[in-house]
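Please look over the chain and its fold before reading on. The notes below cover a few strands and helices in turn.

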Amino acid sequence: MWKASRVLSAPQTSSDTRSASTWEELEELLEDYNPSVNGYCPVAVGDILGRRYSVVRKSGWGVYSTVWLVKDTRSPDSSQAFAAAKLMTGVATEAHEKGQLQRTGVPPTDEHELVTSRHVIQCREHFYEQSPCGNHLCVVVEPLLQDLHSFSLHWTRRLYPPPLVRLLARQIVSGIQNLHEDYNIIHTDIKPGNTMMVPPGNASLFPGALSGSSTPETAVGQCPNGRPVTRVRSHPIPYPMPEWRYDPNSLEPWRNVNVRFACWADEGSEHFTEIIQSPPMRAPEVAVGAGWGKPADIWSLGCTLYELQLGQSLLNASIDHVSVPTLHALLFGDYPPELVQRGKHSHIFFNQDAPSACPEPFDAVVRRRSAPDPALFSDFLLLTFPLDPSKRATCAELLTHPWLNP
């Protein structure tokens with residue numbers, strides 16, 4: 001029997017987990033502006049994209065893009081003129097052009113039907129921008145607010161009110177179901193940081209949030225190839241908290257909360273990359289290189305809801321990718337032999353002489369952390385966490401679970 005080697009390596013620096021003494025260290029890497037590495041598009045506040053969108057503020061960034069709040073200079077209604085512009089790196093743009101990567105709402109050809117879902121971000125248009133760092137696909141979408149990871153900082157120990165967790169869970173599962181069943185799309189990066197909050201009411205929130213805004217913080221650096229790059233500090237717009245005349249642990253103050261998620265997504269039959277998901281959210285089959293499909297999204301869904309319910313991630317956010325199978329084994333038991341045999345990288349993680357893992361019962365972890373409805377919640381999560389991807393529940397099955405339907 002192959003066992004996970006008990007080797008926990010040092011944390012690996014990444015865009016999500018870097019400890020930083022300055023804000024610059026938490027933004028996209030300078031070396032990734034190099035076209036041969038990734039090719040971010042250099043952008044400054046005040047730039048015009050697509051001959052109509054004026055850049056107002058940097059909302060955030062990801063491995064393959066930066067995201068900017070923009071204002072449509074051609075819109076007749078200034079309060080409805082705001083949008084988000086997602087500028088893809090040169091590497092991601094090239095993959096899209098080859099049909100390897102599909103953007104939610106932006107198909108490779110016009111013959112494809114657009115993805116439409118209440119909980120998947122909606123595309124308005126797309127075009128290309130040229131820069132010294134390459135050719136960049138720019139996707140213009142509805143403007144959204146902060147993500148669920150940063151929103152959790154409103155509460156002590158990042159513990160969301162239980163009714164809000166269930167409401168968010170139903171929306172996230174419904175959005176994934178729409179991608180999987182209606183469009184054969186795999187999201188590949190489900191996590192709280194990729195789940196954005198919809199502005200309550202209407203878009204008038206954006207002009208108010210920007211009134212009196214100070215000059216954006218910038219920093220000039222140099223790529224390894226010698227090209228100077230100016231980076232801008234990210235400032236997502238916060239979600240307005242509800243009135244506290246309600247009990248926050250009741251459903252009433254949260255009835256109007258809606259979330260949407262989006263990122264670059266793989267088609268079900270073709271994959272842009274072998275490795276997806278950040279290490280704490282990575283499914284077992286991805287970790288060992290055994291191929292992946294829609295069940296990988298279900299694993300990340302379980303990790304996401306665990307974090308929302310318990311206020312901390314299932315696996316430490318700073319773990320190295322080499323440690324993932326070992327920690328899986330400690331929590332859920334040994335990997336199935338068939339999965340180990342299929343894995344291209346199994347030899348890195350497993351050997352026949354290592355002792356068997358002694359996992360702590362999963363429900364004991366949930367109960368110790370005083371999670372509400374621990375038995376139901378544990379049962380729900382266990383449907384998302386089989387080490388064998390073929391045994392994980394589908395979204396349709398999860399939506400009928402009693403934890404989501406109290």
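Val67 has Lys86 of strand S5 as its bridge partner. This pairing belongs to a predicted model. Strand S4 covers residues 65–72, and seven bridges join S4 to S5 in an antiparallel arrangement.

**Strand S5 and its partners**

- On another side of the story is strand S8 (residues 134–141), which pairs with S5 in the antiparallel sense over four bridges.
- Two of the residue pairs linking these strands can be named: Ala85 has Val140 of S8 as its bridge partner, and Leu87 has Cys138 of S8.

**Burial of S5**

- How many residues of strand S5 (residues 82–88) are buried? Seven of the seven are buried, so S5 is largely enclosed by the rest of the structure.
- In a regular strand, side chains alternate between the two faces of the sheet.
- In S5, Phe82, Ala84, Lys86 and Met88 point one way, while Ala83, Ala85 and Leu87 point the other way.
- Both sets are buried, and Lys86 is one of the buried residues.

**The sheet**

- What is the order of the strands in the open sheet? The six strands follow the order S2-S3-S4-S5-S8-S7, and their pairing is antiparallel.
- The edge strands are S2 (48–49) and S7 (123–131), each of which pairs on one side only.

**Helix H1 and Val91**

- Helix H1 lies across S5, S7 and S8, and H1 runs at about 80° to S8.
- Helix H1 spans residues 90–97, and Val91 lies in this helix.
- Is Val91 buried or partly exposed? Its relative accessibility is 27%, so Val91 counts as partly exposed; the cut-off for buried is under 20%.
- Val91 and Asn38 are 53 residues apart along the chain, yet their C-alpha atoms are separated by 5.3 Å.

**Helices H3 and H6**

- Helix H3 takes in residues 162–183 and helix H6 residues 294–310. The two pack at an angle of about 170°, with their axes 11 Å apart.
- H3 and H6 are therefore roughly antiparallel to each other, because angles over 145 degrees count as such.
- By class, the contact between H3 and H6 has 10 nonpolar, three polar and two charged residues.
- From H3, the residues in this contact are Val165, Leu168, Ala169, Ile172, Val173, Ile176 and His180.
- From H6, they are Lys294, Asp297, Ile298, Leu301, Thr304, Leu305, Leu308 and Gln309.

Technical notes:
Residues numbered from 1 in each chain as written. Predicted model: local features only at pLDDT ≥ 70, side-chain atom pairs only at ≥ 80, totals over all residues. Heavy atoms only, no water. Axes fitted to C-alpha atoms, helices over the stretch in contact; angles between N-to-C directions. Parallel < 35°, antiparallel > 145°, perpendicular 65-115°, else oblique. Contact = heavy atoms within 4.5 Å. Nonpolar A, V, L, I, M, F, W, Y, C, P; charged D, E, K, R; others polar. Buried < 20%, exposed > 50% of the residue type's maximum accessible area, 1.4 Å probe, protein only. Pairing = 2+ DSSP bridges.
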